[in-house]
Amino acid sequence: MTARLVVLVSGAGTNLQVLLDACADGHHGRTGIEGLARARRAAVPVFTHRVPDHPSRAAWNDALTQSCAGYRPDLVISAGFMKLVGPAFLDRFAGRFVNTHPSLLPAFPGIHAVRDALAYGVKVTGCTVFLVDAGTDTGPVIAQAAVPIREDDDEATLHERIKVTERALLVDTVGRMVRDGWSVEGRAVRVGQREAGRAAAKSVSR
């Protein structure tokens, strides 16, 4: 089973790389972005949209939406994409815009999730793959994986272990969604219901 993926990156593109590797083995806007170089080395088409190159944030969001839509993606994946998208983008790709977060949501949303978990003193944290909505890390959860916190962990060591788990979870989750389909009912995401998933994706197409 094949699918069209649009992957949004802002930096090194390590999550993009694991997706590229998975595609290659058959299992599954700023300048100087290593993620773009990774895509070009894999002969994957790329586009860039820098916010300063557009007259307004809304214009940037519209341009990003149209560029992504031009590839008719089954899934749009945020792989370290450090920009908030607007309502038009979220509406266009509702139910198929996937992101990851370094905690077991709804615990510790926001940009300091690893630091917050350590400060709170929890013994287990982890990572989440979820569908993006208009809130901050509030979208329906697709998959999660736990990462135990060690007594000698600091933010850097814990975050690195979470990233390793997160990459594997992202590849596995995207692969299952592509192969088996998915459906969304309220906050419940069910992977393995291909026809329902396709119907949901069609219903949000413009």
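Biologist: Which residues have the most contacts inside the largest nonpolar core?

Modeller: Those are L75, V98 and I142, in a core of 21 residues. Keep in mind that this is a predicted model.

Biologist: And which strands and helices supply at least two residues of this core each?

Modeller: Strand 2 (75-78), strand 4 (124-131), strand 5 (141-148) and helix 6 each do that. The largest share comes from helix 6, with seven residues.

Biologist: Why would nonpolar side chains sit together like that?

Modeller: In soluble globular proteins, nonpolar side chains tend to be buried together.

Biologist: Back to V98, what is V98 in contact with?

Modeller: Leaving aside neighbours within four places in sequence, V98 is in contact with L75, V76, I77 and S78, then V129, F130, L131 and V132, and also I142, L170 and M177.

Biologist: What does the second, separate core include?

Modeller: That core has 13 residues, and V6, L8, F89 and F97 are among them.

Biologist: Zooming out, how many helices and strands are in the chain?

Modeller: There are seven helices and seven strands. Along the sequence the pattern reads β-α-α-α-β-α-β-α-β-β-α-β-β-α. As for burial, 42% of the chain's 206 residues count as buried.

Biologist: OK, helices next. How do helix 5 and helix 6 cross?

Modeller: The axes of helix 5 (residues 113-120) and helix 6 (residues 155-180) come within 9 Å, and the crossing is at roughly 120 degrees. Angles of 65 to 115 degrees would count as roughly perpendicular and those over 145 as roughly antiparallel, so helix 5 and helix 6 are oblique to each other.

Biologist: Is that crossing left-handed or right-handed?

Modeller: Helix 5 and helix 6 make a right-handed crossing. On the helix 5 side, the contact is made by V114, R115 and L118, while helix 6 brings E155, L158, H159 and I162.

Biologist: How many of those contact residues are nonpolar, polar or charged?

Modeller: The contact of helix 5 with helix 6 has four nonpolar residues, one polar and two charged.

Biologist: New topic: where is P109?

Modeller: P109 is in the loop between strand 3 (97-101) and helix 5.

How values were computed. Residues are numbered from 1 along each chain as its sequence is written. This is a predicted model: local features need pLDDT of at least 70, side-chain atom pairs count only at pLDDT 80 or more; totals for chains, interfaces and linings use all residues. Side-chain values use heavy atoms; hydrogens and water are left out. Axes are lines fitted to C-alpha atoms, for helices over the stretch in contact, and angles run from 0 to 180 degrees between N-to-C directions. Helices (H or I, at least four residues) and strands (E, at least two) are DSSP runs, numbered from the N terminus. Angles under 35 degrees count as roughly parallel, over 145 as roughly antiparallel, 65 to 115 as roughly perpendicular and the rest as oblique. A crossing is left-handed if the near helix is turned anticlockwise from the far one by less than a right angle, and right-handed if clockwise. Contact means heavy atoms within 4.5 Å. Ala, Val, Leu, Ile, Met, Phe, Trp, Tyr, Cys and Pro count as nonpolar, Asp, Glu, Lys and Arg as charged, and the others, Gly among them, as polar. A nonpolar core is a set of buried Ala, Val, Leu, Ile, Met, Phe, Trp, Tyr and Cys residues joined through side-chain atoms within 4.5 Å. Buried means under 20% relative accessible area, exposed over 50%, partly exposed in between (1.4 Å probe, protein chains only).
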